[in-house]
Amino acid sequence: MRIILPSFVLIYLVLLVAACSGPPSSAPETPLAPDTVQTPSTKPDSVAEVQSALTAPTQQTKIIADLVGEKGEGEPADGDWVVSRLAVEPPVLNVVLDTADAYAARICYYNIFETLIRLDNRTLQAAPSLAESWEISEDHLTYTFHLNKSATFSDGTPVTAHDVKFTLDAILNPKNETADLRNYIQDIQSADVPDDHTIVIRCSKPYFRHLIVFGDLPIFPRHIYGQGDFNTGEFNRKPVGSGPYVFETWETNNQIVLRRNPNYWDTSRLPHLEKFVWRVITDDDSALEVFMRGDLDSIGLTPEQWHTRGETPEFAARANRFTTLSRPGYVGGYSYIAWNQRRPLFQDKKVRHALTMLLDRETILREVFYGLGIVVTGPEFSGSPEYDASVTPIPFDPAGAKTLLSDAGWKDSNNDGVLDKDGARFEFGYVIPANSHEYEVLATVYQEQLKKAGIAMTVLPREWGSLIDSLTKRAFDAITLQWAIPIDSDPYQVWHSSQAEQGSNYPGFKNAEADQLMEDIRVEFDRSKRIPMFHRFHQIVADEQPYTFLFNIYTLGALDKRFRNVYVYAQGADPREWWVPHDLQKYGTGGSTGGPAAQAQPGA
């Protein structure tokens with residue numbers, strides 16, 4: 001299940017292993033009965049079919065969310081915990097640092113850290129959060145936010161406009177490791193604080209996402225994060241914010257725990273669950289066993305687990321299983337192989353095309369992922385109008401690939417079975433996330449096809465921390481990961497040439513026309529005019545092949561049946577709304593009303 005991420009701002013890296021995350025639902029649907037599933041036999045076969053199916057009305061009155069399990073009767077009960085799996089341990093819990101990932105965001109955003117505005121789960125309209133109101137100038141250059149005077153951080157200190165300005169200054173400070181986020185607010189000319197509860201942000205140029213970018217920044221307490229090094233301070237492992245949950249503990253390689261904030265300032269949005277617990281379990285099979293014995297409540301499933309263990313009566317008795325098709329316009333994602341163009345080996349477009357032609361993506365999708373996804377061709381979410389569905393995938397064509405390699409000057413001059421050019425052998429390392437079974441299979445199959453073409457590839461499984469280090473230092477030949485893409489995505493962070501050395505443009509892609517298109521997209525407020533720009537950008541990237549684009553894989557998840565009021569919204573599921581009837585509560589004290597929950601500890 002995708003727990004709601006910061007859908008306004010960053011494009012986040014996601015590890016390619018089973019986790020409760022994936023492309024979420026954005027098209028309204030009828031409620032799901034318990035254990036309703038979307039089977040491969042009913043899935044669309046192409047991106048065009050996805051776009052067509054998801055933009056067509058399914059009924060006269062659309063329902064805004066999918067219900068998983070039971071709505072629940074009577075008054076919601078306080079108490080109990082939700083224990084979820086972390087496939088990897090996040091490097092830090094400071095969500096604006098470049099080293100932060102989707103897992104840190106999942107833990108901290110909207111739980112510990114709050115933002116000026118939020119998207120209402122049901123309407124997807126901007127709603128007050130720390131800011132109770134805001135104004136935008138007609139020229140889209142000035143944004144004024146008025147803070148709620150009742151808002152406080154968890155230590156009781158009031159949230160003020162000075163904290164907002166501190167947050168902006170920290171992100172803009174070039175000494176801080178915030179390049180990924182800095183590019184979204186780089187046009188700020190000034191941030192003025194006329195009083196403790198008003199901040200006025202003035203920009204040098206308009207940007208169609210400024211409101212949602214400013215509005216969805218996590219606001220840090222200046223009196224804590226202003227003391228010490230923003231990049232390395234102890235607060236990056238013990239975060240403090242204004243949200244409905246507070247940090248309790250981080251046991252390295254074991255678990256991270258948040259508990260309900262007893263002094264949460266917004267009484268209209270008090271959560272019911274007493275604790276959020278994330279257990280670090282890197283192996284998919286081990287995680288499933290822990291889930292089946294009852295020591296996890298929420299889990300993502302691999303396609304194999306979905307089709308084997310997930311279809312047993314034992315599983316049906318334990319959990320509500322669910323999936324969502326990829327849907328347009330909100331938080332989606334895609335996996336890829338990035339070719340580091342700083343390496344001479346990958347600087348020729350013919351070579352990059354040949355490498356894509358040597359990977360049989362359709363067969364891998366069908367045989368390894370059980371058909372639960374779509375082969376993609378470009379950098380936008382495949383269900384959105386910004387994605388150009390007319391661009392077709394480069395076919396699996398070993399003979400054509402060999403021709404391209406020969407045209408690029410690669411020959412086996414010494415008959416050793418490996419192509420060479422100007423004295424250099426065609427050999428490279430391919431970094432994949434460790435403990436990702438599907439991508440280990442993909443890499444093994446790919447390695448064999450490359451070998452037949454005269455290319456020596458070494459598979460390099462890396463743990464998450466090591467993998468992120470390789471990315472940030474650009475110390476890789478080829479690497480596979482996945483991007484999680486937010487609402488109204490902006491490709492600048494990942495693709496603009498200015499982001500090649502400090503930013504998320506890891507392959508070092510540089511194209512003058514693409515740069516201009518991305519800059520033009522940023523200042524165009526009419527989506528109907530942006531879409532053709534996105535399509536042209538898509539066509540350029542597909543032609544240049546800085547990535548071999550892989551798949552948009554569907555969400556596959558399961559949740560313990562005791563939870564009530566579990567909806568999957570456009571942005572994902574929101575556990576701050578969940579509750580458990582008193583007689584079904586498993587952990588803790590039963591909350592403030594003192595229910596009969598057992599004093600069990602997960603994993604005990």
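The domain bounds I use today come from an automatic or database domain assignment. The model itself is predicted.

I will start with the largest pocket. Its volume is about 470 Å³. The lining has 20 residues, and those closest to the pocket centre are Arg118, Asn121, Arg269, Asp574 and Arg576. By type, the lining of this pocket divides into eight charged residues, seven nonpolar and five polar.

Where does the largest pocket lie? Domain 1, residues 90–237, gives residues to the lining, and domain 2, residues 252–325 + 555–577, does too, so the pocket lies between them.

Next, helix packing. Two packed helices are described by the angle between their axes and the distance between the axes. I have two pairs.

The crossing of α16 past α17 is left-handed.

The other pair is helix α10, residues 349–357, with helix α12, residues 398–407. Here the axes cross at roughly 160° and come within 8 Å. By that cut-off of 145 degrees, α10 and α12 are therefore roughly antiparallel to each other. Their crossing is left-handed.

Key:
Residues are numbered from 1 along each chain as its sequence is written. This is a predicted model: local features need pLDDT of at least 70, side-chain atom pairs count only at pLDDT 80 or more; totals for chains, interfaces and linings use all residues. Side-chain values use heavy atoms; hydrogens and water are left out. On a 1 Å grid over the protein atoms alone, a cavity is a set of points where a 1.4 Å probe fits but cannot get out, and a pocket is an open set with protein on both sides within 12 Å along at least five of seven lines; lining residues have an atom within 4 Å of a point. Grid points are joined across faces, edges and corners, and a volume is the space filled by probe spheres set on the points. Ala, Val, Leu, Ile, Met, Phe, Trp, Tyr, Cys and Pro count as nonpolar, Asp, Glu, Lys and Arg as charged, and the others, Gly among them, as polar. A crossing is left-handed if the near helix is turned anticlockwise from the far one by less than a right angle, and right-handed if clockwise. Helices (H or I, at least four residues) and strands (E, at least two) are DSSP runs, numbered from the N terminus. Axes are lines fitted to C-alpha atoms, for helices over the stretch in contact, and angles run from 0 to 180 degrees between N-to-C directions. Angles under 35 degrees count as roughly parallel, over 145 as roughly antiparallel, 65 to 115 as roughly perpendicular and the rest as oblique.
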